[in-house]
Amino acid sequence: MDIHLAIANILSPPVLFFFLGMVAVWVKSDLEIPKALSKFFSLYLLLDIGFHGGYELHHNGFSWNIVGILGTCFLMASIVPLYAFFILKRKFDTANAAAIAATFGSISAVTFITGIAFLESAKISYGGYMVAGMALMESPAIIIGVILFQVFKSKEATATLNGNNKGVYQRPKWGKILNDAFFNGSVLLLVGALIIGIITGDAGWKAFKPFDAIFKGILTFYLLDNGIVAASRLKSLKGSAGFLIGFSILLPVFNATIAIFVSNHLLFLGEGDALLFTILAASASYIAVPAAMRLAIPESNPAFTIPVSLGIVFPFNVIVGIPLYFYLIHLI
């Protein structure tokens, strides 16, 4: 592993500001980011990476190879929550196992953006179509998580009818769930910006470029806010901390190993695209999935999903994961 790249990644301003946010909570500082600004930061980042990806796709065009890569992204996001659920079911009830599994099946846009910053610092190119891959990996895990919950909840409801349990089974509101999975604000903005970037091409990018120039500054503010949120919610893991910490480190590494094998031996991706695909497979959602699970599986506890993805998986991927995955891409 290139130790210089690893150190440069950890010592980059956005990552250091993430840890500054955590320190602010631990020393009980009154530092805080207004919620309206926090929302603006996330909207800006999604718009920028979507538009940039569309612009890159405008130049690269679509091919059967790209369609295959995007299909693999969708498949990966659908499979991960399946095996994650059955591992988690040994420790948690059905609702929380399904919600946490969906969190790991989906992706973290900020980890993806940190990976892009890593590649740019190493002067390694990547394809704009990976942004489309990120958009495709956002929603399938939500659907799989809800299906798993409904299937196993039905079995519990059967047990209830037999007098073994107490509780009421409620049919899912699939129209609302599917609408939220595919058209929630994050996915809509990301995909919409991608399409606009494809349509407007060079002229659109030229007009947009001054807006893109503040990308790293906005990312830094966003990660500062995430550090504050992560540190303030870590205490909610009390009681399951040991299991969740181990699971939240081992599963991303396992997912990354699969993604690297697929990248190198099935998709034959370049090192930049392979790293981005691996990061997507190894990351966990802390925006779209927790919000969707709150609606789709109200019995689940958000005190598990957000601290796991934001407080454990994200720092692990930034500090250790990204340099490690880059090293393994060359090794496997």
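Visitor: Is Thr114 buried or exposed, and at what relative accessible area?
Guide: This is a predicted model: local features need pLDDT of at least 70, side-chain atom pairs count only at pLDDT 80 or more, and totals for chains, interfaces and linings use all residues. Residues are numbered from 1 along each chain as its sequence is written, and side-chain values use heavy atoms, without hydrogens or water. Buried means under 20% relative accessible area, exposed over 50%, and partly exposed in between (1.4 Å probe, protein chains only). Thr114 is buried, with a relative accessible area of 4%.

Visitor: Which residue has its backbone oxygen 2.8 Å from a polar atom of the Thr114 side chain?
Guide: Thr114 lies in helix H6 (residues 109-121). A polar contact is a pair of N or O atoms within 3.5 Å; within protein, one must be able to donate a hydrogen and the other to accept it, and residues adjacent in sequence count only if both atoms are side-chain atoms. The backbone oxygen at 2.8 Å from the Thr114 side chain belongs to Val110.

Visitor: How many helices are there in the chain?
Guide: Helices (H or I, at least four residues) and strands (E, at least two) are DSSP runs, numbered from the N terminus. The chain has zero strands. Its helices number 15.

Visitor: What length does helix H2 reach from its first C-alpha to its last?
Guide: H2 covers residues 13-26, 14 residues in total. The expected span is 1.5 Å times one less than the number of residues. For H2 that expectation is 20 Å, and the model comes close to it, at 20 Å.

Visitor: Which residue just after H2 takes a positive phi?
Guide: Within H2, the buried residues are Pro14, Val15, Phe18, Gly21, Met22 and Ala24. Just after the helix, a positive phi of about 60° is taken by Lys28.

Visitor: How are the rings of Phe86 and Phe152 paired?
Guide: Rings of Phe, Tyr and Trp (its six-membered ring) pair if their centres lie within 6.5 Å; planes under 30 degrees apart are stacked, over 60 edge-to-face, the rest tilted. The whole structure holds 19 aromatic pairs. Here the centres are 5.8 Å apart and the planes at 70°, so the pair is edge-to-face.

Visitor: How many residues apart are Phe86 and Phe152?
Guide: Phe86 is partly exposed at 48%, whereas Phe152 is buried at 18%. Phe86 sits in helix H4 (residues 64-88) and Phe152 in helix H8 (residues 140-161). The pair links distant parts of the chain, and the separation in residues is 66.

Visitor: How are the rings of Phe243 and Phe247 paired?
Guide: Both residues lie in helix H12 (residues 241-267), four residues apart, about one turn. Phe243 is partly exposed at 28%, whereas Phe247 is buried at 8%. Their ring centres are 5.9 Å apart with planes at 15°, so the pair is stacked.

Visitor: What percentage of contacts between residues at least 6 apart join residues at least 24 apart?
Guide: Contact means heavy atoms within 4.5 Å. Phe104, leaving aside neighbours within four places in sequence, has contacts including Val80, Phe247 and Val313. Across the chain, the share asked for is 88%.
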